[in-house]
Amino acid sequence: MNADVRAVSAAGRSARRKSRPISVTTPRKSVLLTLVMGLMLFYTLTPVAWLLINSTKTQNSLSSSFGLWFSGPFSFFHNIAATFSYGNGEFLRWALNTVLYVVLGGGGATILATLGGYGLAHFTFPGKRAVMAIIIGAIAIPGTALAVPAYLMFSKFGLTNTPWSVVIPSLISPIGLYLIWVYATEAIPSGLLEAARLDGASELRIFLSIGFRLIVPGFVTVLLLTFVATWNNYFLPLIMLSTPNWFPLTVGLSNWSNQAPSAGGQLIDNLVITGSLLAITPTVIVFLLMQRYWKAGITAGSIKE
Amino acid sequence: MAVSPGLGLTTPPHTRPRKARRSWTGWGFLGPFVVIFLFTLVAPVIYAIYLSLYRDKLIGGNSFVGLSNYITAIHDPVFHTALFHVLLLLFVQVPIMMALSTMAALALDSSRLYVASLFRMSLFVPYAVPSVVAALMWGFMYGSTFGLVANLNSAIHIHLPNPLASNYVLAALGNITTWEFVGFNMIILYSALQSVPQDRYEAAAIDGATKFQVIRAIKVPAMRRALVVALVFALIGSFQLFAEPNVLKSLAPNTIGSAFTPNMYAYNLSFNGQEFNYAAAIAIAMGIITMVGAYALQVGGMRGDN
């Protein structure tokens, strides 16, 4: 390649660069800003990396090696097998319990919130104003403040230490109902519902064939929120359940971690670490796969003018 | 505009059906929610208020004592310490976290980042991590036996203080909650920034506004409502802190007591002390403090609106 060609192509490049419209929407990329954000990324990912790396170590090499690098025999698969077999396979039992609570509690909460939000958005009925005020107020009531009284009440009904004591309180998601309410108000034109009514369709049929289809993105957002909320729930099951048979993963793992330092207890840090990794994998994967849903929905209600 | 006592939430603009169809049909949709809502939220509140007005005595049994449990709480130094811990987190940790979230949201919105989508996705990941696991991970890393702190000490021959010692344990805890929620708040603020119409920026560019003027005059006001909502979430989270200190307790039994936060106090009063009446009073008191704080935040945040 000779000098002339190089000069021409360089001129062409700079001409192209000049001709690119200087827009406020596409400013030049900044290396410095990217590096600063890189620090934050490092802070965010370090504990996850630590968990991944240390799930490959044996109990012995855990304490004798640098935390952020691999060491000793690669025992990742051995740790997973040991996590599932320890204590008569209680980890698997806890995982299945968690799935049960997520499906019944989180799934149920999403269905109730969807029905209720749709009802608030498109119907006028006696007592509506009171219901609206109470539900909006309830969003600020922290669930954990109610856990102790709920326990006392549930124990009167003989519901404590059963799966129901975890599932029933999980069924209510005021913030989920609020999001669907906002979403259904915006996404479903009420004229469409009126037209269907004039055609003589039943209200349930109108909901299933018209209303629900238009609010699917809001539905998925709320499903994600309740999925994470029930999967990660700790305080409620800790209070309600006393036998390990019904524990979810969160309570089970913290029990394992408590048992380790106790006198005479076998050290099982490697199992706590591997179990933690297994416990976060489903929620992290689901969240990353469903990005576009929660991004739109999570703030739809909160930033509306 | 209906303003709730809770979050900065308002009732959605109501699209009234053309003929006001005032019938009971709506209850068919809302009924299931309301029934369970009454059973799991309203009933426990009422029951807790009832409990908080009584006291179980060894002699004489259950008797009405009025506000006596609340007065006990006002003079209870254990409760004061627990409340002080969460207030300290609220006034120190939350502003630091919000500043980080705001800067990250502005950086994402500036379109000046390489691989912006990587940042947007990764920074949000901790929200999907259970608080129990977050506390376990950081607890291990803080540890002096095989944690990173011990590693650093032996690798570069320094003596970092033990993060779980009593002087630092609140900072250690604040770091965990910051880690968990900085990305969540970033997303809330970032979404608010994304809703700014493009022509506002074009108009500012025509007027020759500098980058900082754009941030100050357009972006910060656009984030304000979202910031109030994020702050209310953070306030509720701080006042109700339980899982993280309760998990760390086994690693630092000498610095994290059984009444480290108000919620831990209420929990231990109930389940280790059988003092259900007093625990209910603490729970209700914390609920009231939370609602008052949320309301004050909202009123303060909305000032200057319209």
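In this predicted model, the side chains of A:Glu194 and A:Arg197 form a salt bridge, with a nitrogen-to-oxygen distance of 2.9 Å; the term denotes a side-chain nitrogen of Lys or Arg within 4 Å of a carboxyl oxygen of Asp or Glu. Both residues belong to helix α9 (residues 190–198) of chain A, and because they are 3 residues apart, about one helical turn separates A:Glu194 from A:Arg197. Helices here are DSSP runs of H or I with at least four residues, and strands are runs of E with at least two, numbered from the N terminus. Over all chains the structure holds 3 salt bridges, but the count between chain A and chain B is 0.

Residues are numbered from 1 along each chain as its sequence is written, while chains are lettered from A and ligands numbered from 1 in the order in which they are written. Local features need pLDDT of at least 70 and side-chain atom pairs count only at pLDDT 80 or more, whereas totals for chains, interfaces and linings use all residues; side-chain values use heavy atoms, with hydrogens and water left out.

The interface between the chains comes next. Chain A contributes 117 residues to the contact and chain B 105 residues, contact meaning heavy atoms within 4.5 Å. Together the two chains bury about 10300 Å², of which 77% lies on carbon and sulfur atoms; buried area is the accessible area (1.4 Å probe) lost when two parts are put together, summed over both. On the chain A side, the residues that lose the most area to chain B are A:Met37, A:Tyr43 and A:Thr124, together 7% of what that side buries.

Helix α2 (residues 31–54) of chain A packs against helix α3 (residues 77–109) of chain B at an angle of about 135°, with the axes 11 Å apart. Axes are lines fitted to C-alpha atoms, for helices over the stretch in contact, and angles run from 0 to 180 degrees between N-to-C directions. The pair α2(A) and α3(B) is therefore oblique, given that angles under 35 degrees count as roughly parallel, over 145 as roughly antiparallel, 65 to 115 as roughly perpendicular and the rest as oblique.

The same helix α2(A) meets helix α4 (residues 116–124) of chain B, where the axes come within 9 Å and cross at roughly 30°. The helices α2(A) and α4(B) are therefore roughly parallel. Among the residues in this contact are A:Met37, A:Met40 and A:Leu45 of α2(A), and B:Phe119 and B:Leu123 of α4(B).

Within chain A, the axes of helix α10 (residues 203–214) and helix α11 (residues 216–232) come within 5 Å and cross at roughly 70°. This makes α10(A) roughly perpendicular to α11(A). A:Phe212, A:Arg213 and A:Leu214 of α10(A) meet A:Val216, A:Pro217 and A:Phe219 of α11(A).
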